Amino acid sequence: MDLDRITHPLTLVQGSHRPESGDGCAMNVISYICGDTAITDFPATSARPLAACVQLCNDLLAGPDRYLSPENSLLALDLAWQTVGTADVGDSVIHAWVAELLTNPAWGVVLYTESAAAAAVFGVAGLHRRLASGDMSPIGAWDSADRAARAVGATLSGAGLYAVRAACEATALVNTKHRETLDAVTGNALRAHTLATAGTGAARVVEVTRHAIRSWRRLAQLGNPGHVDPASIDRRR
């Protein structure tokens, strides 16, 4: 990462910001240094689900004044840099990653469910794993999984509800080109993580984001992009 170009005068800040303000989030930095025509929260080089995870970390790491400290700015930038080169992957990677998003034992949203809800989430994840391996289940199986998840979701609240909503949305993700659907799956999953860890700070969401990025890169067989060098930022301040 060419840190000399982005550490000053840019200040990482929470939420939305005007292009002329000099402020930006971590993903805006990636958009800038990777040469996007217009600076955006979703750089062309980064997979949208991963960009959304980093955006949430960026916002949770902000202080009461909405700005990130130097240490948290470095942390957010490092996460953002890990997303570079992840946008162009095959459908099998996306389906396998969605299954991990739902049921990975370390960071899947199934952690916030029990009994019938967990079974519904595992059911949807299983369909995605089979599809990732090239085995397309009948549409009826997807419809049944959707109905099961919706039925149990009607009885839930909080993190469990959004975990099941992520699974419901994922039943419509047979075609991974449907960007809005993938956004909805990721958004509901992140909402589940946020609600489950409310009041405990950003540490858990940062951990989940690291898992999400590593899983995506592993499934896509992408190399390690390296890390931000703190000394480089210190020299610019």
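Author: A crossing of two helices is left-handed if the near helix is turned anticlockwise from the far one by less than a right angle, and right-handed if clockwise. The model here is predicted, with local features needing pLDDT of at least 70, side-chain atom pairs counting only at pLDDT 80 or more, and totals for chains, interfaces and linings using all residues. Residues are numbered from 1 along each chain as its sequence is written, and side-chain values use heavy atoms, without hydrogens and water.

Reader: What is the handedness of the crossing of H2 and H8?

Author: The crossing of H2 and H8 is right-handed.

Reader: Why are H2 and H8 called roughly parallel?

Author: Helix H2 (residues 48-60) and helix H8 (residues 179-196) pack at an angle of about 30 degrees. Angles under 35 degrees count as roughly parallel, over 145 as roughly antiparallel, 65 to 115 as roughly perpendicular and the rest as oblique. H2 and H8 are therefore roughly parallel to each other.

Reader: What makes Cys53 buried?

Author: Buried means under 20% relative accessible area, exposed over 50%, and partly exposed in between (1.4 Å probe, protein chains only). Cys53 has a relative accessible area of 3%, so Cys53 is buried.

Reader: Why does Cys34 count as partly exposed?

Author: Cys34 has 34% relative accessibility, so Cys34 counts as partly exposed.

Terms used
Axes are lines fitted to C-alpha atoms, for helices over the stretch in contact, and angles run from 0 to 180 degrees between N-to-C directions. Helices (H or I, at least four residues) and strands (E, at least two) are DSSP runs, numbered from the N terminus.
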